[in-house]
Amino acid sequence: MESTESSYVSSQEQPRKKSPPPPASPLSDAVEKPTYIKLLVSNAAAGSVIGKGGATITDFQSQSGARIQLSKNYEFFPGTSDRIILISGGIDDALKALELIIAKLLSEIPTEDGDDAEPRMRVRLVVPNNACGSIIGKGGSIIKSFIEESHAGIKISPLDTDFFGLTDRLVTITGTLEEQMHAIDLILSKLTDDTHYLQNMHASLSYAAYNSTNHGLNGAGVKFQHNKEDRTNSVTIGVADEHIGLVVGRGGRNIMEISQNSGARIKISDRGDFMSGTNDRKITITGSQRAIHAAEDMIMQKVSYASERETD
């Protein structure tokens with residue numbers, strides 16, 4: 001999604017303290033109170049969560065007691081190339097299921113030989129706009145307290161006005177698994193007391209209307225497009241030479257996945273062929289504007305992950 005995010009994020013300049021274990025949920029006396037968690041994952045990550053013949057998702061449901069559902073293949077959240085996972089059940093069950101999912105995805109992040117750094121990934125929750133106030137608080141007081149207590153980074157994106165009728169926002173949580181789970185525990189406990197949030201528990205996982213290429217004057221919920229969307233365009237971006245490996249992936253796996261999921265053609269310049277006046281390698285993305293935007297977003301996610309590791 002092309003939108004700036006709110007500035008509620010933990011400072012990188014302050015020394016990191018080890019986050020204490022998450023406390024017992026404030027709703028521990030009422031664990032049966034139903035709630036849900038919606039998060040975004042790549043198409044490839046969705047396959048890992050499902051597992052061969054559905055074995056992994058079945059195991060996660062059995063271990064946690066929560067129900068886990070995924071949007072259909074290539075049914076993405078508007079403005080992204082990511083599928084939606086819906087976890088529902090009691091708050092403790094939902095958190096357990098989420099932890100199993102994140103731990104599984106973290107275990108599959110490739111690491112370089114001799115790199116002892118703990119693998120990390122962004123967790124992006126989908127939250128209705130009318131429920132975001134309960135986790136922001138007056139003057140950002142609540143979200144700031146969550147950041148201080150969990151030591152995780154938390155950002156809330158504004159509504160994407162490119163998609164008329166879309167009422168969901170993304171809450172991005174960064175940090176170690178322990179820090180992320182602590183932050184999500186705090187966030188979910190607050191949201192579960194918000195009637196606006198619970199009213200969306202049974203909302204459809206499909207955002208097909210927003211991703212439709214057909215529209216009319218009465219097509220509410222559709223991103224308005226122009227003929228130029230379908231024309232072939234080419235964009236060249238720069239990525240630091242030291243980050244190219246993460247973009248390409250082992251055996252070219254990442255770049256092939258990005259190309260397949262976005263529909264764009266991607267070419268990376270040879271070693272030493274840099275953007276003018278920089279040490280950035282050239283990545284040329286060719287396709288429709290939609291495909292280029294999707295590919296660029298996925299590439300920047302890879303670069304963002306590398307940058308987060310360097311700042312720790």
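My entries below go from confidence to strands, then to charged side chains.

**Entry 1: confidence**

I began with the source of the coordinates: this is a predicted model. I looked up the mean pLDDT of the protein chain, and it is 80. I also noted that 78% of the residues reach 70 or more. Over residues 1-19 the pLDDT stays under 50. The model still has 53 contacts beyond four places in sequence for residues 1-19. Residues 25-31 are also below 50, with 14 contacts beyond near neighbours in sequence.

**Entry 2: strand β3 and its partners**

I asked how many of the 9 residues of strand β3 are buried. I counted 8, so β3, residues 82-90, is largely enclosed by the rest of the structure. Next I checked its pairing. Strand β1, residues 34-42, runs antiparallel to β3, and I found 9 bridges between them. Strand β2, residues 67-70, is also antiparallel to β3, joined by 4 bridges. I followed Ile 85 of β3 in both directions. It is the bridge partner of Leu 39. Ile 85 is the bridge partner of Leu 70 as well.

**Entry 3: helix α1**

I moved to helix α1, residues 43-50. Which of its residues are buried? I listed Asn 43, Ala 45, Ala 46, Ser 48 and Val 49. I then looked for what covers them. The cover includes β1, β2 and β3, along with helices α2, α3 and α10. Just after α1 I noted Gly 51, with a positive phi of about 80°.

**Entry 4: a three-strand sheet**

I traced an open sheet of 3 strands in the order β7-β9-β8, paired antiparallel. The edge strands are β7 and β8, and each pairs on one side only. From one strand to the next the twist averages 20°. Between β8 and β9 I found 4 bridges. There Ile 268 stands opposite Ile 283 in β9.

I stopped at Gly 238 in strand β7. Its relative accessibility is 29%, so it counts as partly exposed. Beyond four places in sequence, Gly 238 touches Met 275, Asp 280 and Arg 281. I also checked Gly 238 against Ser 276: they are 38 residues apart along the chain, and their C-alpha atoms are separated by 9.7 Å.

**Entry 5: charged side chains**

I reminded myself that side chains of opposite charge can pair when their charged atoms come close. My search of the whole structure gave 5 salt bridges. I looked at some of them.

Asp 193 and Lys 33 meet at 3.2 Å, N to O. The pair links distant parts of the chain, 160 residues apart. Asp 193 is exposed at 51% relative accessibility, whereas Lys 33 is partly exposed at 32%.

Arg 124 and Asp 82 meet at 2.7 Å, N to O. Arg 124 lies in strand β4 and Asp 82 in β3, 42 residues apart. Both residues are buried.

Asp 273 pairs with Lys 282, with the closest N and O atoms 3.3 Å apart. Asp 273 is partly exposed at 32%, and Lys 282 is partly exposed at 28%.

**Entry 6: a lysine with no salt bridge**

My last stop was Lys 38 in strand β1. I found it buried, yet with no salt bridge. Asp 168 is the nearest side chain of opposite charge, 4.6 Å away. A salt bridge has to be within 4 Å. Among the contacts of Lys 38 I noted Ile 85, Arg 124 and Tyr 207.

Technical notes
Residues are numbered from 1 along each chain as its sequence is written. Side-chain values use heavy atoms; hydrogens and water are left out. Buried means under 20% relative accessible area, exposed over 50%, partly exposed in between (1.4 Å probe, protein chains only). Helices (H or I, at least four residues) and strands (E, at least two) are DSSP runs, numbered from the N terminus. Two strands pair if DSSP finds at least two bridges between them. Contact means heavy atoms within 4.5 Å. pLDDT is the predictor's confidence in each residue, from 0 to 100. Axes are lines fitted to C-alpha atoms, for helices over the stretch in contact, and angles run from 0 to 180 degrees between N-to-C directions. Lys and Arg count as positive and Asp and Glu as negative; His and the chain ends are not counted.
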